[in-house]
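Please look at the sequence and the structure first, then read the points below.

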Amino acid sequence: MRFYQITNVPPSTQWDETAIGYNAYSILKTGRDEYGKLLPLVFKSFGDYKPGLYIYLTVPSVAVFGLNELAVRIPSALAGIAAVFLIYQVSYLLFKKKALSLFISFALAMSPWAIHFSRGGWEANVALFLTLLGIFYFLKSEKKPKYLYPSSIAFGLSLLAYQGSKVFIPLLLLGLLIFFFKNVKKLPLKNLVISLVLLFLVASPAFLAVFTGGGGRLKTMSLFSYQRPADEVKSILNVDEGNMVYFNLFHSESLSFATRLAERYFNHFSPRFLFFEGDWSSLRHGPPYTGALYLFDFLLLIAGGYFLVRFNTSQSKFVWFWLLVAPIPAVLTRDSIQGIRSLNMVLPLMILIGCGFYQIFLWLPKKRKIFSSFIVLFLTVLYLFSAAYYFDQYFYHYPLQSSKDWGYGYKQAVQKIYPLRNNYQKIIFTSEYGQPYIYWLFHGKYPPIDYQAKARLTENLSGDVGKVEKLDNVEFRSISFDGDKNLSKSLLIGTETEIPLEKIDYSKQKILEEIKFLNGKIAFRIVEIL
C-alpha cells in the first residue's frame, strides 16, 4: 500500500515536496541548495527553513530515478515500510509477547493515517520512523548500554527531519526518563554522558536555525502569535459595560488562550477527527469522509485500553504518556486540527489497536466454538469493509477531490510552456495557487547552477513564506487581464477567473490550451498574446 500508484495518488507533488525534490537535484548537481549555499543542514527554500535530512535522503533516488514524483516520495514510503517492521521490535521489547507484537505491526501496516503520510514526500513520516528507531535502541540499552548511542543519534536526526520534533522529542525523552528511570539509573555514567553529547551535536543545527533565520516562520505558525481581534475585545467590554473585574474573570486573554489550546488538544481525540472526517482543515492531509482511523478501530481502542489498564506496568504507562503528549506540536500552532503535526499519535494508537486485537484473541477461547467462530467472522467482515471503504475513497475518489490542493496542473502547464519559453518576450505565470516558480524549476529541470546565480526570494515581512517574482523572462504574479492583454508577443498562464473567456479578443489573443483539474474544472488557461 505504500508504493501502489504512488506517483498518481496523491495526484501531484505539493509545494514542499517539489521544493524538496529540486533542492535534492541541486545538491546532486552542484553540492549546493537552490540559493547556492554549500551542503546546508537547514534549507532556506520558501523562507520556511526546512530541516535538511529529507532532502539529503532524496538525493540518491533523484540520482537513480531522475527528478520526478517517485524520487521525492521514495524516502517516505521506505520509512513507512520500515516502521511496520520496527514497531514489532519495539512492541516486543515493551510487552514480551510475539502475538501482540504481530497485531500491533499489522495495525500500523493497515493504518489509513500511516499509509497516507507514507505515500507523499512528508518529512514528518521520516521523523516518525527515526523516533521509533530511537525508542527501539533506548529499550535495547537496558542490556547493552552502548545502544544509547544510536538511540541519541536517531532522536537527533528526527529533529533534523521535521520541525515538530523540536517540541515532541524533548517531551518523549522526558517520558522515557520517568517511566524507565529504574533502568536509566543503572546505566554507566560514561554512556549517559556520551549519548547526551551525541544528541546535542546531531540536533544543534535544528535549534540554531531558529536563531539564524527560521524564527520568523515559527512565529507565524505559533498560536502564541495570535490574539483576539481588538474589535472582539471591545465588544465584550461594551456588553460588560467596561467592568474589568468581569472581563478579567471570564474573558481575559489568558483564559481565551487556554480555551483555544484545550480546543486544539481535544480536537485530536475527537470522533470527528479519528473516525469520521480526519483532518478537516486540508485535503492534502487525507481524503474526506474518512477518519484518521477506521471506524471499526473504535471497538479495538476500547479493548486495547482495557488490556493496557490491566497490564499496568511502566511500559503501558509510557504508552499512555506517549499518546497524551503526541498532539502537543499540533496544539501549539494556529490551526485547529493538524493531521501531519499530530502524526506521532499514530504509533501509540496502533499499539492500543494491536492490544485490542490481542485482547479479543484472548477472550475468544473462553467462549463456545460456534459463538467464537461467529464473532471472528463478523469482526473480519467488518474490518475488511472498513478497509475496503477507505481504499475506495483513497484511490478512486480522493484524487478527483483533492487535485487542486495538491497542485495538479502545474506539471502539465510547465511541460507545455517550458519548450516554448524562448518564443516570447514575456511569460506571466499566475501565483494564484502559490509558489509557481518551484514547479517551473522542478518540471523544467532548470539547471541548478544557473538558478543559483539568479535566485531572489522576496521575503515576507510577517515571517511567513516568501515568493520568487521573476526568473529570466517569466514573471510569477497575479494576472490582471485588462492590463496584461495589451502586452505583445507574450504568454499568460492564469486561472479561468483571471482570464475570462468573455474578455478574450480572438483577433489579438489565442487560447493555446486549457488544463483541467481531475474533477474537470479548469486549473490553467494558457493564452498567447499575438
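The chain has 23 helices and eight strands. Its radius of gyration is 26 Å, close to the 24 Å that the globule rule gives for 530 residues, so the chain is as compact as a globular protein of that length. The model is predicted.

**The whole chain**

- The C-alpha trace spans about 85 × 60 × 60 Å along its principal axes.
- Of the 530 residues in the chain, 55% are buried.
- Contacts between residues at least 6 apart in sequence join residues at least 24 apart in 72% of cases.
- The accessible surface of the chain is about 24100 Å², and carbon and sulfur atoms account for 63% of that area.

**Helix 2: length and bend**

- Helix 2 covers residues 53–65, and its 13 residues should span 18 Å at 1.5 Å a residue; the end C-alpha atoms are 19 Å apart, which agrees.
- At Val-59, helix 2 bends by about 30 degrees.
- A proline, Pro-60, follows within four residues of the bend.

- The buried residues of helix 2 are Leu-53, Tyr-54, Ile-55, Thr-58, Val-59, Ser-61 and Val-62.
- An α-helix has 3.6 residues a turn, so residues three or four places apart point the same way.
- Among the helices that the buried residues of helix 2 pack against are helix 1 (15–30), helix 3 (69–95), helix 6 (123–140) and helix 7 (148–161).
- These buried residues also pack against strand 1 (42–43) and strand 2 (50–51).

How values were computed. Residues numbered from 1 in each chain as written. Predicted model: local features only at pLDDT ≥ 70, side-chain atom pairs only at ≥ 80, totals over all residues. Heavy atoms only, no water. Helix = DSSP H or I, 4+ residues; strand = E, 2+ residues; numbered from the N terminus. Expected span 1.5 Å × (residues − 1). Bend = angle between axes of the 7 residues up to and from the residue. Buried < 20%, exposed > 50% of the residue type's maximum accessible area, 1.4 Å probe, protein only. Contact = heavy atoms within 4.5 Å. Rg over C-alpha atoms; globule rule 2.2 N^0.38 Å. Areas by Shrake-Rupley, 256 points an atom, 1.4 Å probe, with all protein chains shown as cover.
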